[in-house]
Amino acid sequence: MNSDALRILVERRRSIRGYDESREIADDMIKTVLDIARWAPSGGNGQPWEFIVVRDRTTRYQIADYYMKQMEQKREMDLAVRGTAKMTGDGFRHAPVHIVVLGDPRVKQAYPIRTQLEKAESHFTTGLANATLLIHLAAASLGLASQYVSDANSPYMETMLKVLLKIPEPLRIYHLVPLGFAKGNFVAPPRRPLDEIIHYESYDMKQYRDDTAIDRFVKTL
């Protein structure tokens, strides 16, 4: 893949909120996506990932219901602290496939002793993040839409999903990735200009953003 094709692929990847539930995804496409994901880099080559493929409509809708129930507290907290709340909806229930990304923390034993003591959790999480990103990119390469549902590992939702999907201990839920075909076109959100985020040889303080700049960026993002 040349650099132009890679750029197009990365820019094509969007976090989609609307899916065409009537369009199914072939099994071989799902296997291709997950085969690519398993080649992600991981600390100590621990390969902490496992994946649950959920197609059943009743199960998918139950997952979305758990998500919406969890959103109630998140919305309440934002309203109390910020006076406003901007929450995403449960459109992902209509994605014909849900991929639940699991992590097995026992692979931390693959790390050198000092790494285990200093940053085992960081390495564990990074490996799962790498695999999840490859799921999104692989899906985009096949013309599929995807979305991050990070709330899958929040206490309430993870507890309920473990029971629903019969996930054994000590496995942990990292993320949920809905896959499907997008319903409509979605514009890519803006990215910071490249010249603002690259420093050569040492940090260029002329590019440093003070607290006011960060506050303005966060509020207008």
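In the predicted model, the charged end of arginine 57 sits over the ring of tyrosine 61, 4.2 Å from its centre; a charge is taken to sit over a ring if NZ of Lys or CZ of Arg is within 6 Å of the ring centre and within 35 degrees of the ring normal. The ring of tyrosine 61 also has the charged end of arginine 93 over it, at 5.0 Å from the centre. Residues are numbered from 1 along each chain as its sequence is written, and side-chain values use heavy atoms, with hydrogens and water left out. Because the model is predicted, local features need pLDDT of at least 70 and side-chain atom pairs count only at pLDDT 80 or more, whereas totals for chains, interfaces and linings use all residues.

Two aromatic pairs were found in a search of the whole structure. Rings of Phe, Tyr and Trp (its six-membered ring) pair if their centres lie within 6.5 Å, and planes under 30 degrees apart count as stacked, over 60 as edge-to-face and the rest as tilted. The pair of tyrosine 66 and tyrosine 156 is edge-to-face, because the ring centres are 6.2 Å apart and the planes stand at 85 degrees. This pair links distant parts of the chain, with tyrosine 66 in helix 3 (residues 57-82) and tyrosine 156 in helix 5 (residues 155-164), 90 residues apart. Helices (H or I, at least four residues) and strands (E, at least two) are DSSP runs, numbered from the N terminus. Tyrosine 66 is buried, at 12% relative accessible area, whereas tyrosine 156 is partly exposed, at 28%; buried means under 20%, exposed over 50% and partly exposed in between (1.4 Å probe, protein chains only).

Tyrosine 67 and phenylalanine 92 also form an edge-to-face pair, with 5.1 Å from centre to centre and 90 degrees between the planes. Tyrosine 67 belongs to helix 3 and phenylalanine 92 to the loop between helix 3 and strand 2, so the pair ties together parts that are 25 residues apart in sequence. Tyrosine 67 is buried, with a relative accessible area of 4%, and phenylalanine 92 is likewise buried, at 0%.

Four strands form an open, antiparallel sheet in the order 1-2-4-3, where two strands pair if DSSP finds at least two bridges between them. Strand 1 (49-54) and strand 3 (145-146) are the edge strands, each pairing on one side only. Strand 3 is joined by two bridges to strand 4 (residues 172-180), and the two run antiparallel. Serine 146 has leucine 179 of strand 4 as its bridge partner. Helix 2 (residues 27-37) packs on the sheet and touches strand 1, strand 2 (97-103) and strand 4, its direction making about 165 degrees with that of strand 1. Contact means heavy atoms within 4.5 Å; axes are lines fitted to C-alpha atoms, for helices over the stretch in contact, and angles run from 0 to 180 degrees between N-to-C directions.

The largest nonpolar core has 24 residues, and Ile25, Ile30, Ile99, Val101, Ile135 and Leu179 have the most contacts inside it. Such a core is a set of buried Ala, Val, Leu, Ile, Met, Phe, Trp, Tyr and Cys residues joined through side-chain atoms within 4.5 Å. Helix 4 gives the largest share of this core, seven residues. Apart from this core lies another, of 22 residues, among them Phe92, Val100, Ala152 and Ile167.
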